[in-house]
Amino acid sequence: MTELTQTILGRRGGAFSRAMQNPHLIVGLIIVGGMALAAVVLPPLMGLDSLAVDPLNRLKPPSVAHPFGTDNFGRDLAARILFGASTSLSLAALVTVLAASLGVAVGILASFSRLLDHVIMRICDGLMAIPALLFALALTATFGPNFSNLVIALVIVFVPGIARLVRARALALRSETFVEAAIAMGGSNLHVMARHIFPNVLSIVAVQVTFIFAETIVIEAALSFLGAGVPPPAASWGNILYDGKAAITKAPYMVLFASTAVVITVVGLTMIGDGLRDLVDPRMSAREAGGVRRFFRLVVPRSGKGDHQ
Amino acid sequence: MTMPLVIENLNISFGQGAIEAVRDVSLELRPGEILALVGESGSGKSLTARSALKMFPEGAIVDGRINLTGENVLAASPKNLERIRGKAAAMVFQEPSTALNPVFTIGWQIGEGLRAHGMGDMRKRRARAIELLREVGIPDPETRVDYYPHQLSGGQKQRVVIAMALALRPAVIIADEPTTALDVTVQAGILNLLRRCRDEIGTSILIITHNLGVVAELADRVAVMYQGRIVEEASSAALFASPQAEYTRRLLAAVPRLGEGTPKEDATNREGLVLETNQLEITYPGRFGRTLVHAIRGVSFDIAAGEVLGLVGESGSGKSTIGRAVVGLSPVTGGAMRLFGTDLRHVKGERLRELRRRVGFIFQDPASSFNRFMTVFDCIAEPLRVHRALSSASAVKSRVLELLDQVQLPRDMSGRYPGELSGGQRQRVGLARALALNPEFIVADEPTSALDVSIQAKVLDLFKSLQKELGFAALFISHDLAVVEEISHRVGVLRHGELLELGSAREVMSTPHHDYTRLLINSVPVPDPAIQASKRADVQSMLSLGVPS
Amino acid sequence: MFTYTLRRAGALIPVLLVVSIVVFSLGWLAPGDPARIVLGPEALEADVQKLRDSMGLNEPLWHRYLEWMSHAFRGDLGTSYFLNMPVSTAIGQHFGPTMQLAVLTIVYALVISVPLGTLAARWRGSAFDQGIAGFTLIGLTFPSFVLSLLLVIIFSVWLRWLPVAGYRDPFSDPWNGLRYLILPALSLGTIYAALITRTVRASVLDVLKSEYVDAARSRGVSENRLLFAHALRNAGLPIITMIGLSFASLLSGAVVAESIFNIPGIGSLLVNAIERRDYPVLQGVVLFLTIIYLGLNLLVDLLYGVIDPRVRLTDSVVK
């Protein structure tokens, strides 16, 4: 068995080293990882407080004491952006994990039974017909704006898309020759699902999940910006942008720093997604395909054109 | 007299010379000649032929001289190239459905070439398009000129592509595997059409093919390519009579020939029936209230233990449907299909799995029949694990290694992934997987049609010797008569879901009862120019009588 | 084609059903008593009860849903709690600015994206193509509100060329109307332009790689004609989908832009409704925008049929 395991491990190592050679993935991981690390480590290290109001030092430009300046309440902007990062990242992580697990479960369930499939997919179609940002806005407005309601709303918004994707992929896989081969050799439904369909579905879900992560960050920022997200005075990138917009003529750096944080994170996540897609499906070049829909999911239904049976 | 096409010292490479696809190839196409360029996949034959019109894939580095009706193609300006293309030489492509733009009518597409070469008047173009369609034998061209490609059959589409090539009466037609995607009876018609282009219009034809039968049918001269080089060039008669190059001899030997399959004694005992069908019907429900699709209608046959039954048929004949029904991948909707005495119509769940355990299945496309997340070892071990056939992991391991030996693959291949293997190796893995549980019965659905002929020969040999050694019964499905004859004891001929003929392989091939079987047999081009010439008239008269619809 | 249209439209029925249930539930799930919200915290309990009765709030849930549906079907989306007018009237009043912004944006985006994308595909790998790739990256990574704010800083705060925010009716005051719309249109349009450019480039490139283009080339058809006759027509399907999606997303995505630039459109109506817990307006706007989105999607589907004969002629396949 040793030489066998060795070759298998060698191959796994191959996948790992391919990942290491994928510049998109590496740079993306460094960016997002760095952001997360900074959000966790820096505030206690530097003794930052995102809520400490200092009325005498309102809207001060960047200085040694306040590297990013202060906001309209005199709060340290660097601290707020870092706390905003931890708000955004933890929200996005929570939403992504919940939406992905629910979506995969529902999607695979749907591919099991025709009746269930019809019911579930019609519900998904309906939910996806409502533009995502609009839907998220309406839901948080209804539930009331706080962190956990935000999570629930965004999970509701994202689950149908993942479920549809998983279900479409699972159905496509069922007609693939290797799945038919497994059925023909007498493999049970459970065996086919676990051994053949699940691993093949997982790879595209992994790609999708990074994009949902990015979308969650953007939607959270948009919702907070509109006053329907994380309620102030808690720090979130959307809240900072909201305050910054009011002070845009006096302190444009507020908007600049917060925007930079959002854009850098989204760039990092996009790179991870593109890199992952390269790993999962080398035929699809990161430059040619994808990405486009991603943007539209922010404001428009994630229509699954072409995956209707 | 100037030659229509002269290629001198052509070299084509990719990736800064890392891959040399074509090496120092020189060719000459004479006026009114049909020259065949023969080779297996990756031999560089298509690249060579396409270079005549300077149509290279991206990143190709090209060196050499190409002279097309007196013009230096490789040095031609873009403007000159546009003038030469279509006028001096035209192309016919392998896959007619991708060579036609789906969103324009065929008349428009034929007219486009005419327009590019200065025919401005739309009505004139249309009239010419109709004329061309009539020339290539499209019935009712006045109506069909306004059809979109998807409204035509595959053979008709290829005729349209040929009509386009003929539009400007080019000196040279380059036909890149023009019949590979077509059924054999359709192929006969297209080959005849190409021959007429030469005979009646005087076009020189460079035909690229991997099929030596096509060469014998059509070509005056042959150039054989192997790994980017021309290894032999000779007149068609001379090449088939006395091939000089090692590779050509191997190639010719690998081609399965009709009527030369070794006679197999029918010693099987008809008592122990493995599979038995009686008035089998398989119907697929139509979508959204459309009519039902009758894939199989009233088919009856049986397979005895240790017997190999070959099923032949063209696309849409339902041959694969029968094979899939054996393992329950297609539903039996009428009649009976008894596998080991159990009627598959009423079998479900655990009992169906038990039956599947006793059957091995080999699929057509070895590339897609393996999960790319599983190693070769896991692929072969899967049936053993699914049925918990062996008690310990070490028993599984030794069985897998034993199977690898049986299909003549090196043991260290077990850790590789199917994607890293060649087509032939993958099909061996497929065979090993099918044999894992020592099945009494094997269904092989076109197991070699995706393979090159020399690899096909090896896989078929392996299949035959394993069958003899292990004694399993088999249902062998193929579109290739010669392959079926070589491998089977008995042969069944299917058309449109009906079994037209069933008998011993020798009987069916030598004295077919049904006209369609005869047409099928005669349509297969044999790698022997003399035989092809003698039966040509036969086939054409049969085709024109319209035996197949 | 007729059956195709019917089938496409018919497929929307279950979607609309689900959407209507969701939108109705928004009102039902909302915290607080609608009657209390209307009358204010000071009102007498008896008055609130009376209003509950007249609003039908004491009926069973399914009854209220059917009632709501049948009204919505006739274009009656209820009455705003605060605006003293029917929701449909409010939507009508606010639709103009949103539509103006959307049209201006999509025109700007199309004018630059289709030529840029086509040329990038034509000269793939060139410096021009690389530049376009950089441009499209902006569309993928910049949220529209971030770009809006950055443009405000550049053009209004630093350069002082354009107003920071506000709206003038472009029909009565074309000059100022346009001046106020330029920044929002520019910021939204640039992102859409980047995305459409990317689609155009990818789909044109796809077609240029296909064998039928090779076949046409082998007949001597010129490169320009290949690009404009073949590629743009075949690439039309994804491009039209993209444009349809863009337009639809503009109408709903304007929520953020309108709030940044203080444009009194649908988005502002919605944001104000959320702040005041004006649920009938919230429901009405969500339903209205969703229906517009679905309508545009249907239109795109039908355009598919016009462009692609395989879709148009599936009902009469000739063998």
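Which residues of α4(A) are buried? In this predicted model, the buried set in α4(A) consists of Asp117(A), Ile120(A), Met121(A), Cys124(A), Asp125(A), Gly126(A), Leu127(A), Met128(A) and Ala129(A). An α-helix has 3.6 residues a turn, so residues three or four places apart point the same way. The helix itself covers residues 114-129 of chain A, and its 16 residues should span 22 Å at 1.5 Å a residue; the end C-alpha atoms are 22 Å apart, so expectation and model agree. Within chain A, the buried residues of α4(A) pack against α3 (77-112), α5 (132-143) and α6 (147-174).

The contact between chain C and chain A involves 61 residues of chain C and 50 residues of chain A. About 4,700 Å² of area is buried between the two chains, with carbon and sulfur atoms giving 77% of that area. On the chain C side, the greatest losses of area to chain A fall on Phe145(C), Leu149(C) and Arg198(C), which together account for 12% of what that side buries. Several helices of chain C each supply at least two residues to the side that touches chain A, among them α2 (12-29), α7 (127-141), α8 (144-158) and α9 (174-208). Also in this group are α12 (236-261), α13 (266-275) and α14 (279-307) of chain C. The largest share, twelve residues, comes from α12(C). By class, the side of chain C that touches chain A holds 43 nonpolar, 13 polar and five charged residues.

Chain B also meets chain A, and here 28 residues of chain B are in contact with 26 residues of chain A. The area buried between chain B and chain A is about 2,400 Å², and carbon and sulfur atoms give 56% of it. Two salt bridges are counted between chain B and chain A. Glu180(A) forms a salt bridge with Arg324(B), in which the closest N and O atoms are 2.7 Å apart. Eleven residue pairs are in polar contact across the interface of chain B and chain A, again with both residues at pLDDT 80 or more. In chain B, α13 (349-357) and α14 (376-386) each supply at least two residues of the side that touches chain A, and α14(B) gives the most, with five residues. The side of chain B that touches chain A divides into eleven nonpolar, seven polar and ten charged residues.

A few individual residues are also worth a look. In chain A, Leu133(A) lies in helix α5 and counts as buried because its relative accessible area is 7%, under the 20% cut-off. The C-alpha atoms of Leu133(A) and Glu220(A) are separated by 9.4 Å, although the two residues are 87 residues apart along the chain.

Definitions and conventions: Residues numbered from 1 in each chain as written. Chains lettered and ligands numbered in written order. Predicted model: local features only at pLDDT ≥ 70, side-chain atom pairs only at ≥ 80, totals over all residues. Heavy atoms only, no water. Contact = heavy atoms within 4.5 Å. Buried area = accessible area lost by both parts, 1.4 Å probe. Helix = DSSP H or I, 4+ residues; strand = E, 2+ residues; numbered from the N terminus. Nonpolar A, V, L, I, M, F, W, Y, C, P; charged D, E, K, R; others polar. Expected span 1.5 Å × (residues − 1). Buried < 20%, exposed > 50% of the residue type's maximum accessible area, 1.4 Å probe, protein only. Salt bridge = Lys/Arg side-chain N within 4 Å of Asp/Glu carboxyl O. Polar contact = N/O pair within 3.5 Å; in protein donor to acceptor, adjacent residues only side chain to side chain.
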